[in-house]
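Biologist: I would like to go through this chain and ask what the labels rest on. Please show it first.

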Amino acid sequence: MTADAARVVAGRYRLMRAVGRGGMGAVWQAHDELLDREVAVKQIWIAGADDLDGPDETLVRRALREAQAAARLRHPSVVTVHDVVTDGDRPWLVMELVNGQSLAHAIAEHGLLTERRTAEIGLSVLRALRAAHRAGIVHRDVKPANILLEDTGRVVLTDFGIAVIDDKTALTATGQLLGSPAYLAPERINGRPAGPAGDLWALGVTLYTTVTGRSPFQREDTQATVAAVLTAEPVTPAHAGRLWPVIKGLLVKDPGQRLTAERAAPLLAKVAEPEPAPAGRDAGSDRPAGSRRQKTGSAEDVPATLDAPPPTIAAPTDSQPSPQPQSEATPPPPTPTGPESELTMPSPAAHTAAARPWWTRRHRIGAAMVAVIVMTIGVAAWQANKQRSPGPGAGPTGSAEFPEWRITRTLTGHAGQVYDVAFSPDGRRLATGGADREVRVWDLDTGGSRTLVGHTGEIHEVEYSADGRHLATYGNEDTVRVWDLDTGKSRILANMTAVAYSPDGRHLATTGVDNTVQVWDLDSGDVRTLTGHNSDVGVVAYSPDGRHIATAGSDDRVRVWDLDTGDFRVLTGSLSMGIYTLAYRPDGKQLAAAGTHEAVRFWDLDTGASRPFAVNTGTAIAVTYSPDGRQLATSGFANAVLVWDLVTGRHRALTSDIGSVDKVAYSPDGKQLATGGNDGRVLIWEHL
């Protein structure tokens, strides 16, 4: 591999140093010379195939499979695939560079991990597997070597090279066994199809290995190892402690009796909890990596409303100066913590369904699959859009001078990726949510912030009410919280996967775990359940007049509901590779959806006609209209936000070093943009 150092792959990725081998290739640290960032590049290989004149078809298909499996998942504990290219007749995977070492190396170099750290790692991997299983993906090779420990504490599941996707044809002949024998589930060895239970078995073996140093079934050769998996019972390890019930439950040989992910999660979360804080210390300041939500095995056991734990209002945080000149900021005094809300909302009867969603807005089918397919056959990955094509039309006539933008403030305080940003209706505050499970409310006059703590999962959506006094937030523990920003109280709606306020602030639309949509009356607490989706629903948006809502599900179809009648229509020409965001134009006549590689799709809601709109920045994660409807801002995996003039088709690229941008939001007056990045920073942009 040394001979390849300094090689430039596909004219873009300069190899720097070899960092190891995955299940099907050598992995390099490389420099992306187009976007000026460090990435990991996997050189795909098959033993004995070096002398082939052309690429082996199985090799190419497996490379594509790995990219598809990872790219269709949007989860912090799943490695991000940026690109697939061909170079020298071989496919190469371009992924995020995880700065750290594998769990296997950590054990070998530093010895056994504590039971609490093992539980934290196990919980992160479990969450990644649940996201994969909901997306119809079975990893099939969970083991310490495929779990990366980032220096920041983040845990990443990687190497989807032999993953099975439920809507694809198997790559291997019947009876061919792929995976690591010491981590294979008994049913896999007996020839049964790979399923989620097999990944959970492998997680159990991994946890055992983490506290003992080796698999309980490892023997002197493969045949003996396979025999041990089928017949031997694991010996109770001396240092497993409170982890043993979880490990034992995951290592039940009958997959039908094996501990489920839903039952394993609260057990691991309990072990991952920190010791009680000393008197006078804020217990919320040392939150564990795992969730504290106690959950039983099926949705029937979970009420639709839960008592909300007391929210914590953390000390205000100063904003950090950006490279652009800006005034000094003085934070406001801390806001007192309000009491726990006693308000609850009734449970829709449909919420008793046992099915759980495979996606949230960040756990949906990765639209980068389109990029994977295109680039595998040799099409260029990313190009600057030099063509001045006309905009999607049907918008307000006339075009104001197309402004330039600059960064005027950088807000820091989040300890992980920022997933959503939202301006208050008066434009004086900004709400943000991210991977650190915290909701922050920033005072844009002073730059200070207060933190609302209560979610046990990552915060993926934040929405202000029309009067700015309430904030609705969604966490990936599948709960929506409605916060009273005056008192700090919150109430919880359980088993929800997306949220949107009505324009008048009196209603809240949510999507449930059972293919349903709910519309809540926030004054009376009454709820109306809309049925019609035949798959999980993960995106919802209100029309500007409040009479319609648009929703999208895992079938990649957009439905528009008439809230007066309860009827819906399915929009034709829907995106084919997953939908991240829906947005109404301010006049209510057009709907935009983001989620496919290099495209946003528009629908004329009067005629039903649709058309794609190329954005040329990689997968479009988010799309939002300016308040006057003349501009459209899109963001994605590339380190840029594009602001489009919808009349002329011109655009400006807002580039920064915050990494991929998950959400962009306009201020109410349209003069500011807020963007949240994967490094935890929030940028405020203004017109020049």
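Modeller: What follows sets some values beside their definitions.

Modeller: This is a predicted model, in which local features need pLDDT of at least 70, side-chain atom pairs count only at pLDDT 80 or more, and totals for chains, interfaces and linings use all residues. Residues are numbered from 1 along each chain as its sequence is written, and side-chain values use heavy atoms, with hydrogens and water left out.

Biologist: Why is Arg12 called buried?

Modeller: Buried means under 20% relative accessible area, exposed over 50%, and partly exposed in between, with a 1.4 Å probe and protein chains only. Arg12 has a relative accessible area of 11%, so Arg12 is buried. Of the 688 residues in the chain, 59% count as buried.

Biologist: What makes Arg12 and Tyr13 a polar contact?

Modeller: A polar contact is a pair of N or O atoms within 3.5 Å; within protein, one must be able to donate a hydrogen and the other to accept it, and residues adjacent in sequence count only if both atoms are side-chain atoms. The side chains of Arg12 and Tyr13 are joined at 3.3 Å, which counts as a polar contact.

Biologist: How do you know that E20 and E21 pair?

Modeller: Strands (E, at least two residues) are DSSP runs, numbered from the N terminus. Two strands pair if DSSP finds at least two bridges between them. Strand E20 (residues 479-484) has five bridges to E21, and the two run antiparallel. In E21, Ser490 is the bridge partner of Trp483.

Biologist: Why are E18 and E21 said to stand at the edges?

Modeller: The open sheet has the order E18-E19-E20-E21. E18 (459-464) and E21 (490-494) each have a single partner strand, so one side of each is left without a neighbour in the sheet.

How values were computed: Helices (H or I, at least four residues) and strands (E, at least two) are DSSP runs, numbered from the N terminus.
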